[in-house]
Amino acid sequence: MNVPASSPERSPQSPVRHFLTLRDLSRDELLQLIARASELKRLRGQPAHPKPLAGMSVGILLEKSSTRTRISFEVGVFELGGLPITLKPGDIQLGRGETIEDSARMFSRFLHAVVFRTSTHERLTRLAQFSSVPVINGLCDLHHPTQLLADLQTVQENLGHLEGVRVVWVGDGNNMAHSWIEAASLLGFDLTVVCPVGYEPNQAIVQAAQQSARGTVRVLTGAGAIDDACRDADVITTDVWVSMGQEGESGERNAVFTDFTVTAARMKRAKPNAVFLHCLPAHRGEEVAADVIDGPRSRVWDEAENRLHSQKALLELLLSRP
């Protein structure tokens with residue numbers, strides 16, 4: 001019988017590391033993780049590809065629908081030598097009233113890590129508080145840090161650097177905007193967020209970033225600010241106008257955001273080598289024009305693929321043996 005190389009439950013002498021926001025990594029760790037992700041990308045399918053998760057199991061708990069998060073983590077855990085186990089509330093007792101606290105304690109006895117894709121950041125932090133194995137934020141209403149790992153890797157691969165890059169976020173001040181804001185403050189690049197009035201990012205997250213010694217974060221409101229913001233940008237990025245759970249607001253949001261489409265004309269204002277990013281899924285003709293997302297500056301498919309490689313680097317970091 002094969003015995004797992006390590007017990008899922010950590011000892012008190014080995015404190016657990018969670019990944020709930022980008023700020024759970026230091027600047028140096030984040031840069032090293034991005035570099036490692038690109039290395040794992042080159043090694044994919046080769047005998048030299050490491051298997052640090054051999055004998056380990058990772059739960060992927062999905063309380064929200066998922067395509068890229070589910071596939072990239074399932075494949076990533078497998079390629080690192082581990083066993084991915086996808087869990088949905090309707091299939092487990094959490095969906096029938098078992099508390100998050102009890103679920104966390106139970107997961108800690110079976111699994112070596114848990115990826116949690118959920119609604120509120122509070123649910124995520126409660127799971128982490130009672131888990132003795134790493135909890136990874138697969139998406140919540142406040143942050144989407146695993147997506148930012150892939151985005152940053154994509155920028156690094158295309159531009160060759162991150163510090164000093166000029167990024168423009170167009171649209172809702174949502175979880176993706178928050179993670180871009182944290183990335184700017186950690187890595188020292190210039191970020192301009194342009195939102196409709198009333199849809200600005202969380203003020204506490206913005207203020208914390210603006211107080212950082214690194215990077216510049218500006219928040220502008222109104223569609224009239226988009227064209228100037230896009231001038232000489234290195235990266236222009238956006239997200240859907242109606243996120244999961246906001247379907248009841250779709251009519252209002254579509255009206256408010258109608259002038260916030262990333263068009264080819266706006267991309268032309270950016271630098272000649274600028275790239276367009278989108279975390280997907282995308283709605284062509286709404287937040288982005290078809291000729292932009294399907295055009296030569298779009299890197300959305302590289303960005304989607306990089307979810308796999310950056311998350312493998314993250315898992316390797318969190319689950320590395322002493």
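A residue counts as exposed when its relative accessible area is over 50% and as buried when that area is under 20%, with partly exposed in between. Gly-45 has 79% relative accessibility, so it lands on the exposed side. Keep in mind that this is a predicted model.

**The overall picture**

Let's step back to the whole chain. The protein folds into twelve helices and nine strands. Its C-alpha trace stretches about 65 × 45 × 35 Å along the principal axes. For 322 residues, a compact globule would have a radius of gyration near 20 Å, and the protein has 20 Å, so the two agree. Buried residues account for 53% of the 322.

Contacts tell their own story: take the pairs at least 6 apart in sequence, and 75% of them join residues at least 24 apart.

Which helix holds Arg-253? That would be α9, which covers residues 250-256. Is Arg-253 buried or exposed? Its relative accessibility is 5%, so this arginine counts as buried. The Arg-253 side chain makes a polar contact of 3.0 Å with the side chain of Asp-172. Asp-172 also turns up among the residues in contact with Arg-253 once neighbours within four places in sequence are set aside, and the others are Tyr-199, Trp-241, Val-242 and Gln-246.

The peptide bond from Leu-280 to Pro-281 is cis, with omega near 0°. Pro-281 belongs to the loop that runs between β9 (275-278) and α11 (290-293).

Then there are two positive phi values. Leu-139, which isn't a glycine, has phi near 145°. This leucine is part of strand β4, residues 135-139, and counts as buried because its relative accessibility is 8%. Asp-232 isn't a glycine either, and its phi is about 65°. That aspartate sits in the loop between α8 (226-230) and β8 (235-238). With a relative accessible area of 41%, Asp-232 is partly exposed.

**Two loop glycines**

Back to Gly-45, which is found in the loop between α1 (27-43) and β1 (57-62). Gly-222 has a loop of its own, between β7 (216-221) and α8. How exposed is Gly-222? Its relative accessible area is 22%, so Gly-222 is partly exposed. Leaving out neighbours within four places in sequence, Gly-222 is in contact with Val-194, Cys-195, Pro-196 and Phe-260.

| C-alpha pair | Separation along the chain | C-alpha distance |
|---|---|---|
| Gly-45 and Ser-243 | 198 residues | 35 Å |
| Gly-222 and Val-300 | 78 residues | 26 Å |

Technical notes. Residues numbered from 1 in each chain as written. Predicted model: local features only at pLDDT ≥ 70, side-chain atom pairs only at ≥ 80, totals over all residues. Heavy atoms only, no water. Helix = DSSP H or I, 4+ residues; strand = E, 2+ residues; numbered from the N terminus. Rg over C-alpha atoms; globule rule 2.2 N^0.38 Å. Buried < 20%, exposed > 50% of the residue type's maximum accessible area, 1.4 Å probe, protein only. Contact = heavy atoms within 4.5 Å. Polar contact = N/O pair within 3.5 Å; in protein donor to acceptor, adjacent residues only side chain to side chain.
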